Amino acid sequence: MTQRQPLAVSDTLGPTDAAINEVVAAIGRASSILAVCHVSPDGDAIGSLLAFGAIAKHLGKPCVLACADPVPEMLQFLPGVNTIVRRASGPFDLAVGLDASDPRRLGDLFARHAQADASTLNIDHHITNLRFAAVNWIDLTAAATAEMMVLLADHLQMPLTRALATSLLTGLVTDTRGFRTNGTSARVLQMASRLVQAGAPLFQIMEMTLERRSVAQIHLWGRVLSRARLHGRILWSDVTAADRQAVGIKENGSDAGLSSFLASALEADVSAIFVERNGKIEVSLRACPGFSVSEAALALGGGGHPLAAGCNIEGSLADARRLVLAALDNSLAGQGFPQPFFDEPA
Ligand code: AMP
Ligand code: MN
Ligand code: MN
């Protein structure tokens with residue numbers, strides 16, 4: 001693989017036009033594009049992927065949309081979801097990674113094409129992003145990669161169709177857990193309002209992605225929650241293969257709601273869920289405002305946001321628990337400060 005110098009690295013804290021121009025130029029240079037979102041895809045990954053497909057189409061560029069893992073049941077309602085493939089042969093001259101801080105999160109598909117002649121583009125909003133592509137557009141102020149897709153669509157003066165608005169709003173809703181996280185800025189709310197105006201069904205998106213789950217999943221939660229244990233102010237539990245078998249779930253994607261729910265405990269500052277899957281342990285971490293889990297996740301080869309991060313550990317549940325709790329103890333020491341609701345008394 002030829003080593004390329006990054007063309008643009010943008011940690012956007014202000015105007016995004018320069019970064020967006022680089023992105024548009026990279027797409028403009030391409031004649032055939034592969035766009036990939038991260039494995040164990042969430043609503044932002046799939047929503048951004050579909051939105052990127054619409055943007056490429058608007059620019060007249062053939063684009064294959066791919067994800068190494070299947071699209072979860074709760075996202076099957078998204079228009080165009082059946083165009084997403086798990087394998088693609090190419091050739092492609094641009095490989096785009098979406099919503100992934102680390103190229104390993106994009107699976108073999110991205111790696112194969114990034115190592116061939118394809119140029120690479122990295123569009124993401126994680127603080128732990130490794131700037132792995134030729135062009136990196138990283139907006140740490142964005143609550144979701146879908147928010148960056150809105151900026152890109154606006155920059156291109158694209159009409160917001162109902163289908164595009166639905167994909168975009170799904171990304172905003174899921175990454176902000178229904179406009180509840182601290183990343184929920186005025187910009188996000190203004191965008192959401194425009195997307196609803198364009199026909200995106202906010203209520204249905206909220207229902208499908210945040211509210212509804214199967215009875216089997218509720219039983220799984222029951223088992224996992226009843227075993228939750230405190231380690232200092234870290235509340236943790238695990239999801240074993242035996243748990244899934246007992247409730248009749250063959251394979252589920254990541255269940256982000258479970259780790260967020262654990263973090264709601266008054267006695268906890270941080271939560272950790274250890275999921276036994278495919279011979280490794282997937283770790284999902286959440287922090288209360290004032291604490292951050294992204295450093296510990298990054299130290300363990302993963303990544304994420306200050307309040308929501310994750311990593312994969314090779315080994316047993318016990319190995320993962322030992323490693324992760326030690327990394328959290330280490331990184332949380334000295335963290336924690338009061339979080340005033342307002343800067344000044346009202
Ligand atoms: P999750 O707990 O799966 O909802 O993930 C929380 C956040 O951490 C998301 O923004 C993920 O993209 C990120 N994340 C989870 N697992 C990993 C990993 N293995 N490597 C990098 N980032 C991850
Ligand atoms: Mn994601
Ligand atoms: Mn995201």
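**Strands and metals**

Mentor: Happy to! Keep in mind that this is a predicted model. Let's start with a pairing: strand 11 (residues 303-304) and strand 12 run antiparallel to each other, joined by two bridges.

Trainee: Which strand pairs with strand 12 over seven bridges?

Mentor: Strand 10 (residues 280-287) does, and that pairing with strand 12 (residues 308-314) is antiparallel. As one example, Lys 280 has Glu 314 in strand 12 as its bridge partner.

Trainee: Nice. Switching to metals: what coordinates the manganese ion (ligand 3)?

Mentor: Four residues do: Asp 44 (OD), Asp 99 (OD), His 125 (NE2) and Asp 175 (OD), at 2.1 to 2.3 Å. Along the sequence, these donor residues follow the spacing D-x54-D-x25-H-x49-D.

Trainee: Which residue bridges ligand 3 and the manganese ion (ligand 2)?

Mentor: Asp 99 bridges them, and the two ions lie 3.7 Å apart. Asp 99 and Asp 175 also link distant parts of the chain, being 76 residues apart. Asp 99 sits in the loop between strand 4 (94-98) and helix 3 (107-115), while Asp 175 belongs to helix 5 (residues 162-175).

Trainee: Is Asp 99 buried or exposed?

Mentor: Buried: its relative accessible area is 2%, and the cut-off for buried is under 20%.

Definitions and conventions:
Residues are numbered from 1 along each chain as its sequence is written. Chains are lettered from A and ligands numbered from 1 in the order in which they are written. This is a predicted model: local features need pLDDT of at least 70, side-chain atom pairs count only at pLDDT 80 or more; totals for chains, interfaces and linings use all residues. Side-chain values use heavy atoms; hydrogens and water are left out. Donors are N, O and S atoms within 2.8 Å of the metal (3.2 Å for Na, K and Ca); water is not among the atoms, so sites may look incomplete. Helices (H or I, at least four residues) and strands (E, at least two) are DSSP runs, numbered from the N terminus. Buried means under 20% relative accessible area, exposed over 50%, partly exposed in between (1.4 Å probe, protein chains only). Two strands pair if DSSP finds at least two bridges between them.
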